[in-house]
Amino acid sequence: MFYANIFPTMSKIDLLLKAIADPGQFTPEQLEAILADPEMRRLYYLLSHAADVSIQPSEIDIDAEWNRFAAENPAVRSGFRFNAWRRLVPMRVVASAIIFFAIAAVAAGIAISRHISSGSKYEAELSVAKQGRAVTPEEKASEATDTILVESVDDPQLIFDNETLDAILTRIASEKGAHVDFRSETTRSLRLYFKWHRSQPLSQTIELLNGFDQIDIRLHNDTITVD
Amino acid sequence: MTKHTYIERLFRKHFSALHALATHLLHDEEAACDAVHDVFASLLDREELPAASAMPAYLLRAVRNRCISQIRSAGIHERFLRLYSADVEEIEEGEWPDEATLKRLGEIVGEVLPPQCRRVVLLRFRQALTYSQIAEELQISEVAVYKHLRHALDVLRQHFPDHVKD
């Protein structure tokens, strides 16, 4: 269909301006016909590129963008795929951590369930996953997808399964508008099973995580400091 | 350096440029952010990453391809509404955005167009307002909005005669 058959009394510019203002008034065939006309295609080209230059990208808050990216991609924060924590943390420290957690796990019956003494309805479950044995390639491959078992905007809780403390706190801080400051690489890499109730006050979450002797977290204003 | 650290460095170093490219192509800052995020997320799935020296070009190409894919998947109505390029091949071949033409277009929009005409153009293209919304914003009639856009297009035609043959 040639453009002249669409609105015979309209000039090409008028027709194009009408089409970009309200393309819903046109059928797909009519819009295709407009672009098939060489002159209108060139006019459209100019308009499209004028739009290209008119839209100047705002200044980006890189920190905010990175935090959003990290929150949406848990594997980024945990570095699972490269098992980076194994390279970063000296083996002696890893061995100590494994022994500590093995003892803690046995003492607590693999998982530690802890009710807040104040009588809160929230419950935290901390356990150490897969400590003391080699992680198989299949497990490594599945770790990224296993990481967060329950996740939806409306879900009242998130379950971090075998996640690093770094990943857990980054996610929590991101949702609570806080900032995390790790002062110990060893603690950063500790892996936990943690059920987080999203409506829980941040101070209460920190209290639960401090249930591990190995972990020492302080909350001051909006900064979570991990020693 | 861990993969995590490496990707974070890349992200911080290149995000602004990649976002600018995607914004120019998609005419939507949020969609542009998502496109860039998608590219970095795809890096996570790669067993091997491109060499560091090739990474900037790789990222630009990947973002460009992501945008092309989005433009291609848009229906014709959405293409018109968002003023997506009708020449995807031009983007594919790396001929657009062309810095020199962008600069010229920017100068025309920013300096040659009369102030009210420029305001109409920016409200239409930068903020994606409808003609009636622009009319309300500037306290002018819709007919006046239309005339300003028509004038802008005439000016563009005069400055880019090689792009428009009467």
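**Figure 1. Contacts across the sequence of chain B.** In this predicted model, 52% of the chain B contacts between residues at least 6 apart in sequence join residues at least 24 apart. Of the 166 residues in chain B, 34% are buried.

**Figure 2. Where helix α2 of chain B meets helix α3 of chain B.** Two packed helices are described by the angle between their axes and the distance between the axes. For α2(B), residues 29-44, and α3(B), residues 55-73, the axes come within 9 Å and cross at roughly 125°. That angle is why α2(B) counts as oblique to α3(B). The crossing in which α2(B) passes α3(B) is right-handed. On the α2(B) side, the residues that take part are A35(B), V36(B), D38(B) and V39(B). They meet L59(B), A62(B), V63(B), R66(B), C67(B) and Q70(B) of α3(B). By class, the residues of this contact divide into 7 nonpolar, 1 polar and 2 charged.

Figure 3. Now look at the loop between α1 (3-26) and α2 of chain B, where D28(B) lies. Is D28(B) buried, exposed or something in between? With 17 other C-beta atoms within 10 Å, D28(B) is partly exposed, because a buried residue would need 20 or more and an exposed one 12 or fewer. Along the chain, D28(B) and R82(B) are 54 residues apart, while their C-alpha atoms are separated by 8.4 Å.

**Figure 4. L83(B), a positive phi in a buried loop residue.** This view moves to the loop between α4 (76-82) and α5 (88-92) of chain B, which holds L83(B). The phi of L83(B) is near 55°, a positive value in a residue other than glycine. L83(B) counts as buried because it has 21 C-beta neighbours inside 10 Å.

**Figure 5. Q139(B), a positive phi in an exposed loop residue.** Another loop of chain B, between α8 (131-138) and α9 (142-159), contains Q139(B). Although Q139(B) is not a glycine, its phi is positive, at about 55°. How many other C-beta atoms lie within 10 Å of Q139(B)? There are 7, so Q139(B) is exposed.

**Figure 6. The side of chain A that touches chain B.** Where the two chains come together, 43 residues of chain A are in contact with 51 residues of chain B. On the chain A side, at least two residues are supplied by each of α1 (12-21), α2 (28-36), α3 (38-54), α4 (62-72) and α5 (74-78). Which helix gives the most to this side? The answer is α3(A), with 15 residues. Sorted by class, the side of chain A that touches chain B has 27 nonpolar, 7 polar and 9 charged residues.

**Figure 7. Confidence along chain A.** A friendly word on how to read this last view. Chain A averages a pLDDT of 67, and 59% of the residues score at least 70. Over residues 80-95 of chain A the pLDDT is below 50, and this stretch has 25 contacts in the model beyond near neighbours in sequence. Residues 104-153 of chain A also have a pLDDT below 50; counted beyond near neighbours in sequence, their stretch has 76 contacts in the model.

How values were computed. Residues numbered from 1 in each chain as written. Chains lettered and ligands numbered in written order. Predicted model: local features only at pLDDT ≥ 70, side-chain atom pairs only at ≥ 80, totals over all residues. Axes fitted to C-alpha atoms, helices over the stretch in contact; angles between N-to-C directions. Helix = DSSP H or I, 4+ residues; strand = E, 2+ residues; numbered from the N terminus. Parallel < 35°, antiparallel > 145°, perpendicular 65-115°, else oblique. Left-handed = near helix turned anticlockwise from the far one by under 90°. Contact = placed C-beta atoms within 7 Å. Nonpolar A, V, L, I, M, F, W, Y, C, P; charged D, E, K, R; others polar. pLDDT = per-residue confidence, 0-100.
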